[in-house]
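Reader: I'm new to reading protein structures. Could you walk me through this one, question by question?

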Amino acid sequence: MSRWTVGVDRAACLGTGMCTSIAPDHFRLDGGTSTPVSPEVDPDDAVIDAAESCPMEAILVRSADGTVLAPQP
Ligand code: SF4
């Protein structure tokens, strides 16, 4: 299964905790901002939901070939 890459722009993150609530397996708060638990994950809709829900669009999810999966422009 091809994996996804997950990144958080910690300069943009406001630490709302939305992503850690939606996808606690994939994001955790560290020093007031979110960080991915792992930079590579097996495909999981919760990661997409978290990225779409981030008010700052600070979460970027890409497929293995680099295509941006979320957030949608
Ligand atoms: S939802 Fe966005 S702003 Fe809120 S903690 Fe997660 S990455 Fe940061």
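Reader: How many cavities of 30 Å³ or more does the structure hold?
Author: Before we start, keep in mind that this is a predicted model. A cavity here is a spot where a 1.4 Å probe fits but cannot get out. With the 30 Å³ cut-off, the structure holds one.

Reader: Which residues lining the largest cavity are the closest to its centre?
Author: The lining is made of 14 residues. By class, they divide into ten nonpolar, four polar and no charged. The closest to the centre are Cys 13, Gly 15, Thr 16, Cys 19 and Cys 54.

Reader: Where does the ligand sit?
Author: To count as sitting in a cavity, a molecule needs more than half of its atoms within 2 Å of the grid points. The ligand passes that test, and its place is the largest cavity.

Reader: How many nonpolar, polar and charged residues does the shell around the ligand have?
Author: Let's name the surroundings first: Cys 13, Leu 14, Gly 15, Thr 16, Gly 17, Met 18, Cys 19, Ser 34, Cys 54 and Ile 59. Cys counts as nonpolar in this scheme, while Gly is put with the polar ones. Sorted that way, the shell has six nonpolar, four polar and no charged residues.

Reader: Is Cys 19 buried or exposed? And what about Cys 54, buried or exposed?
Author: Both of these cysteines are among the residues around the ligand. Buried means under 20% relative accessible area. Cys 19 has 9%, so Cys 19 is buried. Cys 54 has 14%, so the word for Cys 54 is also buried.

Reader: How many disulfides does the count come to?
Author: For a disulfide, two cysteine sulfur atoms have to be within 2.5 Å. By this rule, the count comes to zero.

Reader: Val 6 and Thr 35 are 29 residues apart along the chain, so what separates their C-alpha atoms?
Author: Val 6 belongs to strand β1, which covers residues 4-8. Val 6 counts as buried because its relative accessibility is 8%. From the C-alpha of Val 6 to that of Thr 35, the separation is 9.3 Å.

Reader: How many Å apart in space are Ile 22 and Ala 51, C-alpha to C-alpha?
Author: Ile 22 is in helix α1, residues 18-22. Its relative accessibility is 34%, so Ile 22 counts as partly exposed. In sequence, Ile 22 and Ala 51 are 29 residues apart, and in space they are 9.6 Å apart.

Reader: How many Å apart in space are Asp 9 and Cys 54?
Author: You'll find Asp 9 in the loop between β1 and α1. Asp 9 is partly exposed, at 41% relative accessibility. In sequence, Asp 9 and Cys 54 are 45 residues apart, but C-alpha to C-alpha the spacing is 11 Å.

Reader: What phi does Glu 57 have?
Author: Most residues other than glycine have a negative phi. Glu 57 is in the loop between α2 and β5, and it counts as exposed at 53% relative accessibility. Although Glu 57 is not a glycine, its phi is positive, at about 50°.

Reader: Is the peptide bond from Ala 70 to Pro 71 cis or trans?
Author: Most peptide bonds are trans. Pro 71 lies in the segment after β6. The bond from Ala 70 to Pro 71 has omega near 0°, and that makes it cis.

How values were computed: Residues numbered from 1 in each chain as written. Predicted model: local features only at pLDDT ≥ 70, side-chain atom pairs only at ≥ 80, totals over all residues. Heavy atoms only, no water. Near = heavy atom within 4 Å. 1 Å grid on protein atoms, 1.4 Å probe; cavity = no way out; pocket = protein on both sides within 12 Å on 5 of 7 lines; lining within 4 Å. Points joined across faces, edges and corners; volume = space filled by probe spheres on them. Buried < 20%, exposed > 50% of the residue type's maximum accessible area, 1.4 Å probe, protein only. Helix = DSSP H or I, 4+ residues; strand = E, 2+ residues; numbered from the N terminus.
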